[in-house]
Every structure is written in C-alpha cells, then in structure tokens.
Amino acid sequence: MSEPQSPTRTASPTDPGTPPRSPEHWPMWLGYFAMCAAARLPWGLQRMLGRLAGWLARMLIAERRRAARINIALCFPELDEAAREKLLREHFRDVGIGLFEFARAWWGSVEPMRRTVRIEGLEHVRALQEQKRGVLFVSGHFMTLELCGRLMCDHIPLAGMYRRLRSPVLEWAVKRGRLRYACAMYTNEEIRPAMRHLKQGGFLWYAPDQDMRGKDTVFAPFFGVPAATITATHQFARLSGCAVVPFFHRREGADYVLRVASPLADFPSSDATIDSARVNASIEAMVREAPSQYLWIHRRFKRRPAGMVSPYKRT
C-alpha cells in the first residue's frame, strides 16, 4: 500500500506553493543549485565572473547583440559608432554582473551592499504613508532591479509584479527567493489582488517598459521612438487612487544608489496615451543616468505603428 501524499499547497501572492519534484524537472534543479552556489560567492569574485560571462554572452548570443546594437542606435542617435559600440560592450558587462546580482538578491546575502547603499527621497514615501495612500513605484528593466528592490525592502514593505516564468522549478525558486524580502508577489495576471493591495494603502513595484503584446497598449514615445506601451500604470492609478512614483536605481562601482522621486503630479489624466508617455519619459530619465545597466537586449520596438517596419527585420 502506497504512502499517503501530502497535500499540495497552491501558490499565492505570499506563498510560492509546492516545488515540482518529478524526474523531468531534475536537470533544472541542478541548474538551480548551481545558481544558489553562485549566489554565495564573494562579491568581488562575482563581479569578475560577471564581466567574463558578459563578454561570452556578447560573443555568443548574436541575435541579442544585434537587438541591443539596434536599440542603442535608435535611442542615442547623437552618439557616433565608436561610442555606441563602447556602450554595447559596457552593457554586456553589466548583463553578466547582473546575473550574479539577481542570484544574490534571490538566494544570497546583500549585507555587503547594505553597508554602502545610498537612498534618497524616502520622505516622499513617508508622506504618502501618513496619507494611507497606495503607491505604485514605477521603474524599468535594469540589471540592478532585483538587488535594489531587495535593498529598498529594508525600508518599506514592498510588493512586486512579475511575468510568470515558463519553468515550474524556476517559477517556484524565484518566487520563493523574492518572498524572502517582498511582502507579496503578483503575476501580471493577478490584477485584482494587486489592485486591492494598492487600495488598502500598500506599496507595489512595477516595470511597464516591455512590449507585453496585450490588448491594452498604446504607442508612446521612448527616446523619441514610438514604443508599444501598456496602459496599466494609468489604469492602476485611475481605479485605485494610488500615487505613481518613479523609482530610480543604479550601481556606481561596487555601490548602489536608490532614489525615490516625487509622485507624478496630476496623474492620472483622462488620456491613457498622455499618461503612458509621461511614464516612458520617467523611465528614459532613469536610463540616461545608467545607460549601460538598462536591458537593451530586449526588442523594445518590435511592434510598430501601422505603416512602419520593424527595426529588427533583416533586409
């Protein structure tokens, strides 16, 4: 007679659920344990290995290298070719370091970073806390986002939104890692509970700067280029009454700088396109502060307005 199975815990915004254990997932578990080991390496060694990993990625991942080169050319037309290639090399260096930053945020210690982190603008958060008003922190997809999110959670109870990962092992492991510091994690399908969190005065971190191919998108300028932009920031603010606050973060050498800006004034308006353009402008300002740390390998401009050809299309 077989032993009774333990009940399966269903994942929720505050619980990663039960990890998958069937044999087909064992190779991914090996990868997970390797990443956990990498997360515990000394920070100096991680940075050195990260630079090497970034160099290898630039050499081997031709399609992503091409996408990053096109994005940089579109967003920084004022740079000459040599300057753009320098930024490309620095970007892949930061991609490599970022892999270790992600792993350390999820499964390692951030004690070395806590000793030197600089945080600016928390007075804006305290004022909104006193008003018992929900706050939507808006940022972009930077390589520092997970580590800086964890550092910010030392000061405020921050929840996050994310896209569900395809691998069940990584989905469980990353969510479990994030829940070590975030008070909740909502998938981009869990709109209602995320909205409830904001209405109750909670803090939610959201990065709306990728083309999610959803229906609720508009074309709004990003570095002067029309970019398919989800209108969720406008909708969250309209339906929950939350404040929308740009959240800047970057690495300076081995140190980190976190900056909370003042809430966007008169937001939302009645026009989702205008609001989306304002959000894109805030993220653009973040990118200009740390251009190499932005995720240029994402094909940000893959969808185009009618009549415009994709810049990634081969001729």
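**Terms and their grounds**

Modeller: Let us begin with Lys-132, which sits in the loop between α6 (122-130) and β2 (135-138). The model is a predicted one, in which local features need pLDDT of at least 70 and side-chain atom pairs count only at pLDDT 80 or more, while totals for chains, interfaces and linings use all residues. Residues are numbered from 1 along each chain as its sequence is written, and side-chain values use heavy atoms, with hydrogens and water left out.

Biologist: Why does Lys-132 count as exposed?

Modeller: Exposed means over 50% relative accessible area, buried under 20%, and partly exposed in between (1.4 Å probe, protein chains only). Lys-132 has 71% relative accessibility and therefore counts as exposed.

Biologist: Where is Asp-266 found, and what is its phi?

Modeller: Asp-266 is in the loop between β9 and α11. Its phi is positive, about 50°, although the residue is not a glycine. At 71% relative accessibility, Asp-266 counts as exposed.

Biologist: What makes the peptide bond from Phe-267 to Pro-268 cis?

Modeller: The omega of that bond is near 5°. Pro-268 lies in the loop between β9 (255-260) and α11.

Biologist: How do you know which stretches to call helices and strands, and how many of each does the protein have?

Modeller: Both are DSSP runs, numbered from the N terminus: helices are H or I with at least four residues, and strands are E with at least two. On that basis the protein has 11 helices and 9 strands.

Biologist: How does the radius of gyration stand against the globule rule?

Modeller: The radius is taken over C-alpha atoms, and the rule is 2.2 Å times the number of residues to the power 0.38. For 315 residues a compact globule would have a radius near 20 Å, and the protein has 20 Å, which agrees. The C-alpha trace spans about 70 × 50 × 45 Å along its principal axes. Buried residues make up 51% of the 315 residues.

Biologist: Why are Arg-69 and Glu-85 said to form a salt bridge?

Modeller: Side chains of opposite charge can pair when their charged atoms come close. A salt bridge requires a side-chain nitrogen of Lys or Arg within 4 Å of a carboxyl oxygen of Asp or Glu. In the pair of Arg-69 and Glu-85, the closest N and O atoms are 2.7 Å apart, and they form a salt bridge. Arg-69 lies in helix α3 (residues 62-75) and Glu-85 in helix α4 (residues 81-107), so the pair ties together parts that are 16 residues apart in sequence. Arg-69 is partly exposed at 35% relative accessible area, and Glu-85 is partly exposed at 22%. A search of the whole structure finds 16 salt bridges.

Biologist: What does the salt bridge between Glu-189 and Arg-164 tie together?

Modeller: The N to O distance in this salt bridge is 3.8 Å. Glu-189 lies in the loop between β4 (185-187) and α9 (191-199) and Arg-164 in the loop between β3 (158-162) and α8 (168-178), so parts that are 25 residues apart in sequence are tied together. Arg-164 also meets Glu-171 in a salt bridge at 3.8 Å, N to O. Glu-189 is exposed at 62%, Arg-164 is partly exposed at 41%, and Glu-171 counts as buried at 12%.

Biologist: What makes Thr-231 buried?

Modeller: Its relative accessibility is 6%, and Thr-231 therefore counts as buried. Thr-231 is in the loop between β7 (225-230) and α10 (232-240). Beyond its neighbours within four places in sequence, Thr-231 has contacts that include Asp-216, Val-218 and Ser-276.

Key:
Contact means heavy atoms within 4.5 Å.
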